[in-house]
Amino acid sequence: MAESEGIVKYVTDYTSAAALSAEEIAELNAWRRILYLAQLVGQSPERYMGYGFGNVSRRLEPGPAPVTQRSFVITGTQTGNLTHLDPDAYTMVMECYPAENRLVAQGPVKPSSESLTHGAVYDQDPEIMWVFHAHSPEIWRNADALEIPVTAADVPYGSPEMAAEVDRLFRETPLLERRIFSMGGHEDGIVSFGRTAEEAGDVLLNTLAAALALSD
Ligand SMILES: [Zn+2]
């Protein structure tokens, strides 16, 4: 029994529903395209055993809402191989309970368990409207040199422990101003966020540039 102790199963209360309109996802889709072209989001036989990696989200409604109720739209599970996404590739997370590993979603596709980390970030501050989860070996390996906060190496993604780590980083580091962190226990995993897509995208791309400069 010891091996199952502490493992909380990821539960999705998922209902199939219509996609959002192309207009509603246009800005998110544009940034997803940029991250795809930079290979920060995608799918490759040479990376992570061929699984899709990275996902982008934005909150559906601005302004204050109780934690766990900050609904957002996010790329669906295993859409990384697609160059261009249409609205059917996006789904809505209506409620998110990172500490319980549970979420309520509706849309044309299921969300991945990484959605829990997006929810954990939205829970930190009602002004956070955009979250990008990228995979960058360059940033990940240089996280300390780049002085970006890092979650504990023994904490996997999509776990209640990851949500607790996100919470810790917001309390113990200047993460709210820094807007980017590395996931120490999730190979190459990086999360950026902002009040606007530009804030979330700029910090990610600027940090990649700094990492590439260090690597050269
Ligand atoms: Zn990931």
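Colleague: What makes Glu 114, Thr 117, His 118, Val 131, His 133, Met 183 and Val 191 the lining of the largest cavity?

Modeller: A cavity is a set of points, on a 1 Å grid over the protein atoms alone, where a 1.4 Å probe fits but cannot get out, and a lining residue has an atom within 4 Å of a point. Glu 114, Thr 117, His 118, Val 131, His 133, Met 183 and Val 191 therefore count as lining by that rule. Please keep in mind that this is a predicted model, where local features need pLDDT of at least 70, side-chain atom pairs count only at pLDDT 80 or more, and totals for chains, interfaces and linings use all residues. Residues are numbered from 1 along each chain as its sequence is written, and side-chain values use heavy atoms, leaving out hydrogens and water.

Colleague: What is the volume of the largest cavity?

Modeller: About 40 Å³, a volume being the space filled by probe spheres set on the points, which are joined across faces, edges and corners.

Colleague: Why is Asn 29 called buried?

Modeller: Buried means under 20% relative accessible area, exposed over 50%, and partly exposed in between, with a 1.4 Å probe and protein chains only. Asn 29 has 11%, so it is buried. Asn 29 also touches His 84, Leu 85 and Tyr 90, leaving aside residues up to four places away in sequence; contact here means heavy atoms within 4.5 Å.

Colleague: How do you know that Arg 168 forms a salt bridge with Glu 165?

Modeller: The definition asks for a side-chain nitrogen of Lys or Arg within 4 Å of a carboxyl oxygen of Asp or Glu. The closest N and O atoms of Arg 168 and Glu 165 are 2.9 Å apart, so the pair qualifies. In general, side chains of opposite charge can pair when their charged atoms come close. Glu 165 and Arg 168 are also linked with Glu 172 in a network of salt bridges.

Colleague: What makes Arg 195 and Glu 199 a salt bridge?

Modeller: Their side chains meet at 2.6 Å, N to O. That distance lies within the cut-off, so the name applies. Arg 195 is partly exposed at 46%, while Glu 199 is buried at 17%.

Colleague: How many salt bridges does a search of the whole structure find?

Modeller: Six. Another one of them joins Arg 102 and Glu 100, at 3.3 Å from N to O.

How values were computed
On a 1 Å grid over the protein atoms alone, a cavity is a set of points where a 1.4 Å probe fits but cannot get out, and a pocket is an open set with protein on both sides within 12 Å along at least five of seven lines; lining residues have an atom within 4 Å of a point.
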